[in-house]
Amino acid sequence: MSQTKPLMPHATASWLVDNTALSFDQIADFCGLHILEVQAMADDLASSKYTGRDPIHSGELTHEEIERGQADSNYRLKMQKAPVQVSRTKGPRYTPVSKRQDKPDGIAWILRNHPEISDAQISKLIGTTRNTIAAIRDRSHWNIQNIQAKDPVTLGLCSQRELDAVVSKSAKKAGIDAAAPAESTTSDDRQALIDELRAEREAAAKAMIEAAQEAEVEAWLEAKRAAEAAEGQG
């Protein structure tokens, strides 16, 4: 069974790089990262600079365990205390970065098809702000020309059950017959949109993987050239 990883792997790795003599391989193994990520941190090449997180303070490691690792480069650090997982129960809905650009489209769809839903309900359902909703409603949003009304369920911004519950509650409050739903996309349209979005995201993911692989190869080549240059000077 794989070992539990630190609660904040990148921040922990950054701290270990700056404060210990552990090898990159040991740090990568303990934090569940690729060794090139650790190398980039050490060389200040990482695109995001992480604030180090002390694993000793959190109880994930001890001074003794780190000393064992520093004394033997083949030693694999052992988690001393599993991190406490933080569960979020309050606050706005979290939306993955990859889907945040879809929010305006989902908001526009709700405004067009379910005007009875209040801004507060839309804000909670989609995880957005009332200012954004108002800007899309009065067409003052900075990107209004590119916003296209799309079903938020299809976009993955909420579940069908959540949307139905909000629609039902709003319809009841407004005295609207819930049995006569507002205009919505057909099942064929929805499936076509799902297929289109899936294809776009798969293409984007493939491009990201290829870029990461190219970066890794380039880093390896640079390290090899540097090593060969050092040998030549020696």
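Buried means under 20% relative accessible area, exposed means over 50%, and partly exposed lies in between, using a 1.4 Å probe and protein chains only. At 12% relative accessibility, Thr154 therefore counts as buried. This is a predicted model, in which local features need pLDDT of at least 70 and side-chain atom pairs count only at pLDDT 80 or more, while totals for chains, interfaces and linings use all residues. Residues are numbered from 1 along each chain as its sequence is written, and side-chain values use heavy atoms, with hydrogens and water left out.

**View 1. The whole protein has ten helices and zero strands.** Helices (H or I, at least four residues) and strands (E, at least two) are DSSP runs, numbered from the N terminus. Along the sequence the pattern reads α-α-α-α-α-α-α-α-α-α. Of the 234 residues, 31% count as buried. Contact here means heavy atoms within 4.5 Å. Among contacts between residues at least 6 apart in sequence, 65% join residues at least 24 apart.

**View 2. Helix 6 is mostly covered.** Ten of its eleven residues are buried, among them Lys103, Asp105, Gly106, Trp109 and Asn113. Thr154 itself sits in the loop between helix 8 and helix 9.

**View 3. Helix 6 meets helix 8 in a right-handed crossing.** Two packed helices are described by the angle between their axes and the distance between the axes. For this pair the angle is about 65 degrees and the axes are 10 Å apart. Axes are lines fitted to C-alpha atoms, for helices over the stretch in contact, and angles run from 0 to 180 degrees between N-to-C directions. A crossing is right-handed if the near helix is turned clockwise from the far one by less than a right angle, and left-handed if anticlockwise. Look for Pro104, Ile107, Ala108 and Leu111 on helix 6, and for Thr132, Ile133, Ile136 and Arg137 on helix 8, which make the contact.

**View 4. Helix 7 (residues 119-127) has the buried residues Ile122, Ser123, Leu125, Ile126 and Gly127.** Their cover includes helix 6 (103-113), helix 8 (130-137) and helix 9 (160-174). Take Ile122 as a guide: leaving aside neighbours within four places in sequence, Ile122 is in contact with Ile107, Ile110, Leu111, Ile117, Gly127, Thr128 and Ile133.

**View 5. The largest nonpolar core holds 21 residues.** A nonpolar core is a set of buried Ala, Val, Leu, Ile, Met, Phe, Trp, Tyr and Cys residues joined through side-chain atoms within 4.5 Å. Ile107, Ile110, Ile122 and Leu163 touch the most other members. Helix 6, helix 7, helix 8 and helix 9 each supply at least two residues of this core, and the largest share, five residues, comes from helix 6. A second, separate core of 18 residues includes Ala28, Leu33, Met41 and Ile66.

**View 6. Arg139 lies in the loop between helix 8 and helix 9.** Arg139 is exposed, with a relative accessible area of 56%. Its phi is near 60 degrees, a positive value in a residue other than glycine. Most residues other than glycine have a negative phi.

View 7. Counting a disulfide as a pair of cysteine sulfur atoms within 2.5 Å, the model has zero disulfides.
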